[in-house]
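Please read these notes beside the model.

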Amino acid sequence: MGIRTGAQYIEGVKSRQPEVWLGGRKVTDVYNEDVFRQPIHEIANLYDIQNDPTYKDEITYLCEESGERYSHAFKVPKTYEDLKARSKLFEIWARATFGLMGRTPDFLNVTVTSMASNTWFLDQYNPEWSKNMINYYEYIRDHDLFLTHAIINPQNDRSKASHEQEEDFTHLGVVEERPDGIIVRGAKMLATLAPITDEVIIYSFPGFQPGDEKHAIAFALPIDTPGLRIICREPMQDGKRSVFDHPLASRYEEMDALLVFNDVFVPSDRIFINQNIEAANLLYPKTGIGQQPAHQSGVRGLIKLQFAAEVAARVADSIGVDGYLNVQTQLGELMQSVEAIRALLRVAEYEYETTSQGEVRPAGLPLETIRGMLPKLYPRAIEIIQTIGAGGLLMSPTGADFEHPELRADVEKYYVGREGISSQDRVQLFKLAWDLCGEAFGQRLLQYERYYSGDPLRRLGRFYAGFKRQNSFPLVDEALKGSRDLEGQPTI
Ligand SMILES: Cc1cc2nc3c(=O)[nH]c(=O)nc-3n(C[C@H](O)[C@H](O)[C@H](O)COP(=O)(O)OP(=O)(O)OC[C@H]3O[C@@H](n4cnc5c(N)ncnc54)[C@H](O)[C@@H]3O)c2cc1C
């Protein structure tokens, strides 16, 4: 089939009935649920963009083998040009949501592509798993499917391994093996956008310990598989708020969910790892699924940071405070943050690495540096918007106030900005800023940037340990050599 349109994606959503729970109620019609409707249309827009003649050739490619056109997210990069083409896809899609939707289809499409192009890894354990992975990649590529993933165990007792949790199968695991598959029970988190996706893929961050065998699994299923329950977090908006009052929250809410598997059957051909601790722990580091999707996260994160920086600058300008040195230094700091991330991305792409299989990956060090820096730079950007907008962020009237004949003159007079900025312009801008920096919606966006790719603290610790393994700090050796006399003896 090749690339889908937005209408085809929506058709898919309408054709399914996943078990979705929202605020204590079972959702019977996902498409017509207020909270999901707009996000569904935002995702549909992405599929339409890839069919738009302006972008089509840039962000999709024609596969010589099948004669079909696929998204660049499904292409295994073999050259620098392939990486750049993929980067363009990430950028165009991220711009369409201002980087505010993190788990757009490209993220997991790249992840599965990376797993499938490194099946040498699964081959070592079981060639069937490897074959399943390749077939699954082809299936989601050919049908252009949208996946969610849940790779974290629920946050119960983090000081204990999966098999040590108070109750058996709190963490997802295999309860029964059958000739044609496995039955799984337990929970996994944190599946962003799950209710409006086509499929779910389950794998794990490394961390399984001896005794965790039954939990060490990886597989994929249709999102409406019987027994799979999706428990949504409390929505950040009700889906009915006006676009004028909540220009971002009303459009880009990415629902997050806990997945509960109530004795769910996983057919043999959808199993990628079955009860193998070593394979489950090494899948992440060995198959490039840290590095390749981090390319998408880096590009998307850059757009989001750039958006926040622009909002801060426009807020400052609109009320005439960007001539003050303290405001200028905050805005300057933000612009430099954006430039730093942009530069890191370019280095990651330019200094790409080629695997022994000939797959090209953006360089790991600069990508991981982005992952380390964004959890600090993005919250700082939000703090700067809060500081510059100050009390005005809380003072905006509503769209209904503008429309009321008795109030109209007041709201048009008392909410104007600097000369040339009308009341409505200023209020709209401040509402946009408040969605980003004040609303629960904005707080989730911040939490996303901190945690979307795991705990940033432990990542940073691992980054240093890895750096030390590969670097011997030769400059210090060189400097120490200088403190020796001409015969090479240490000087005192
Ligand atoms: C908005 C959002 C969207 C997300 N979307 C997805 C998604 O689509 N799919 C998905 O699979 N995941 C998703 N994630 C989950 C994300 O992967 C996890 O939040 C992340 O891995 C951190 O795990 P945790 O939240 O369970 O925190 P925990 O691991 O429980 O950490 C809690 C605290 O304890 C500390 N801590 C815990 N264990 C240790 C330890 N061993 N050593 C030292 N300190 C420790 C941490 O530093 C942290 O301060 C999302 C997260 C967020 C916030």
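The points below go from the domains to the ligand and then to the helices.

1. Basis. This is a predicted model, in which local features need pLDDT of at least 70, side-chain atom pairs count only at pLDDT 80 or more, and totals for chains, interfaces and linings use all residues. Residue numbers start from 1 along each chain as its sequence is written.

2. Domains. The domain assignment gives domain 1 (6-286) and domain 2 (291-468); such bounds come from an automatic or database domain assignment. The C-alpha centres of domain 1 and domain 2 are 26 Å apart. Across the boundary, 37 residues of domain 1 are in contact with 31 residues of domain 2, where contact means C-beta atoms, placed from the backbone, within 7 Å.

3. The domain 1 side. Helix H4 (80-96) and helix H5 (105-116) are the elements that give two or more residues to the side of domain 1 that touches domain 2. Helices (H or I, at least four residues) and strands (E, at least two) are DSSP runs numbered from the N terminus. H4 gives the most to this side, with 10 residues. By class, the side of domain 1 that touches domain 2 has 17 nonpolar, 11 polar and nine charged residues. Here Ala, Val, Leu, Ile, Met, Phe, Trp, Tyr, Cys and Pro count as nonpolar, Asp, Glu, Lys and Arg as charged, and the others, Gly among them, as polar.

4. Ligand shell. The ligand has 20 residues around it, of which Ile151, Leu190, Thr192, Tyr448 and Tyr451 come nearest; a residue is near if its C-beta atom, placed from the backbone, lies within 6 Å of the molecule. Strand E5 (147-150), helix H15 (440-451) and helix H16 (456-470) each supply at least two residues of the shell. The largest share, four residues, comes from H15. Divided by class, the shell has nine nonpolar, five polar and six charged residues.

5. The loop between E7 and E8. Leu190, one of the residues that come nearest to the ligand, lies in the loop between strand E7 (181-188) and strand E8 (199-202). The peptide bond from Met189 to Leu190 is cis, with omega near 0 degrees. Leu193 is found in the loop between E7 and E8 too, and its phi is near 65 degrees, a positive value in a residue other than glycine.

6. H9 with H10. Helix H9 (residues 291-318) and helix H10 (residues 325-350) pack at an angle of about 165 degrees, with axes 10 Å apart. Axes are lines fitted to C-alpha atoms, for helices over the stretch in contact, and angles run from 0 to 180 degrees between N-to-C directions. That angle makes H9 roughly antiparallel to H10; angles under 35 degrees count as roughly parallel, over 145 as roughly antiparallel, 65 to 115 as roughly perpendicular and the rest as oblique. H9 passes H10 in a left-handed crossing, that is, the near helix is turned anticlockwise from the far one by less than a right angle (clockwise would be right-handed). The residues in contact include Gly298, Gly301 and Leu305 of H9 and Leu331, Ser337 and Ile341 of H10. This contact divides into 15 nonpolar, four polar and one charged.

7. H9 with H11. The axes of H9 and H11 come within 9 Å and cross at roughly 20 degrees. H9 is thus roughly parallel to H11. The crossing is left-handed, and the contact of H9 with H11 has 18 nonpolar, six polar and two charged residues.

8. H11 with H14. Helix H11 (residues 364-389) and helix H14 (residues 423-437) have axes 9 Å apart and pack at about 140 degrees; they are therefore oblique to each other. H11 passes H14 in a left-handed crossing. Ile382, Ile385, Gln386 and Gly389 in H11 meet Phe430, Ala433, Leu436 and Cys437 in H14. By class, this contact has six nonpolar, two polar and no charged residues.

Terms used
Contact = placed C-beta atoms within 7 Å.
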